[in-house]
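Thanks for coming. Please have a look at it first.

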Amino acid sequence: MFSHRKIADAQASYEDARYVIFGVPFDGTSSFRRGSRLAPDTIRLAYDNLESFDFQYGVNFPDIPICDLGDLYVEEDAEEVVDDIERSVKHVVDDGKVPIMLGGEHSLTTGLVRNFPGCSMIIIDAHSDFRDEYMGNKFNHACITRRSLEILGPGKIFSIGTRSVSREEYESPEWSKVRFISANEVREKGITRVIEEIERKAGDRIYFSIDMDGIDPSEAPGVGTPEPYGIQSSEVRALINHFAGKIVGFDIVELTPVYDNGNTSMLAARLIQDFIGSKESKA
Ligand code: MN
Ligand code: MN
C-alpha cells in the first residue's frame with residue numbers, strides 16, 4: 001500500500017471538516033539555511049507522537065472534524081506559488097472552514113491572507129519581514145509583513161517577537177502602520193499586557209501566522225534564520241489560547257527540519273493542537 005501521510009487526528013472528509021490542514025513544501029526564496037520545504041511531513045510525523053486527548057482543553061481530537069488535504073503541488077516561482085495558495089484556499093474560506101497551512105517559508109502566508117481582507121493579523125517573528133522587495137522579489141519571505149500591510153491596511157497587524165530589523169525598514173514611513181512588539185517589550189511588559197493591547201485594537205477576525213524563528217532558538221532551533229533573545233513558546237500559546245475564538249486562519253512557517261533536534265517539530269505539532277483545542281473549548 002502506498003502511504004500518504006496525514007495529521008493523525010485529521011479523520012474527517014473535506015465536506016465535514018471545520019479545520020482544513022494542508023502543506024506547502026516550498027522554500028525557493030530562503031536566503032540563509034534552506035530546507036523548510038521538508039517541514040510539512042516532519043510536523044505530521046512529530047504529531048503522531050502526541051496524545052489525541054487533551055485534558056486541559058477537554059477535547060478528544062479525533063472527534064473534531066479535521067481534514068488534511070496533503071501537500072499543494074508547488075511551482076518554482078514564489079509569486080506563482082502565492083497565487084496558487086490564494087486560489088486553492090479560496091473555497092475553504094468561502095465554505096466557512098478554518099485553513100491551517102504548514103509551510104514552507106513565510107512568503108506563502110501572503111496567498112492565504114489575500115482570502116481574509118478586513119481581518120486583523122498576529123504574526124510571531126524575530127524579523128520584521130518589512131522589505132518592499134528583497135533580491136529583486138516582492139514575494140521574498142523577507143517581505144511578508146509589507147505585503148500583508150498592503151492587503152489589510154494600517155493598524156491591523158501586530159508582529160510579536162521582533163528583534164531583527166534593517167535600517168531601511170525601521171526608517172520607512174510605513175513602519176508605524178504595523179505594531180511591532182519586540183521580544184524585549186514582551187519581556188518587560190509580560191504577555192498579559194500585550195494580549196490586552198491587541199484585544200483593544202484588533203477586530204473580531206484575526207489571521208495568525210507563526211514564523212518559528214520568533215520563538216527563542218533554545219526552544220525552536222530548527223529554523224532557517226535563528227535569532228537569539230526570542231519569546232517563549234508558552235507566550236505564543238497564551239496568545240493562541242486567548243484569541244482562538246477569533247482566529248479564522250492559521251499557519252506555521254520557516255521550520256527547517258535539518259537543523260532541528262526534534263524539539264521544533266514537536267512544538268509546531270503541539271501548537272496546532274493548542275490552536276484547535278483552545279478554539280473548540282471556546283466554541
Ligand atoms: Mn518571517
Ligand atoms: Mn523570521
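A salt bridge, as I use the term, is a side-chain nitrogen of Lys or Arg within 4 Å of a carboxyl oxygen of Asp or Glu. By that rule Lys 177 and Glu 174 form one, because their closest N and O atoms are 3.2 Å apart. Lys 177 is partly exposed at 30% relative accessible area, and Glu 174 is also partly exposed, at 22%. Keep in mind that this is a predicted model.

How many salt bridges does the structure hold? There are 25.

Another pair is Lys 90 and Asp 94, with the closest N and O atoms 2.6 Å apart. These two residues sit four apart in helix H2, residues 78–94, so about one helical turn separates them. Lys 90 is partly exposed at 44%, whereas Asp 94 counts as exposed at 52%.

Next, Asp 48 and Arg 5 are joined by a salt bridge of 3.0 Å, N to O. This pair links distant parts of the chain: Asp 48 lies in the loop between H1 and strand E2, Arg 5 in the segment before E1, and they are 43 residues apart. Both are partly exposed, Asp 48 at 39% and Arg 5 at 35%.

There is also a network of salt bridges, linking Arg 179, Glu 185, Lys 189, Glu 197 and Lys 201.

Last, helix H1, residues 39–47. Its buried residues are Ala 39, Pro 40, Ile 43, Arg 44, Ala 46 and Tyr 47. They cover an arc of only 160 degrees around the axis, so they lie on the same side of H1. Their packing partners are strands E1, E4, E5 and E10, and helix H9.

Terms used. Residues are numbered from 1 along each chain as its sequence is written. Chains are lettered from A and ligands numbered from 1 in the order in which they are written. This is a predicted model: local features need pLDDT of at least 70, side-chain atom pairs count only at pLDDT 80 or more; totals for chains, interfaces and linings use all residues. Side-chain values use heavy atoms; hydrogens and water are left out. Buried means under 20% relative accessible area, exposed over 50%, partly exposed in between (1.4 Å probe, protein chains only). The arc is that of the directions from the helix axis to the C-beta atoms. Contact means heavy atoms within 4.5 Å.
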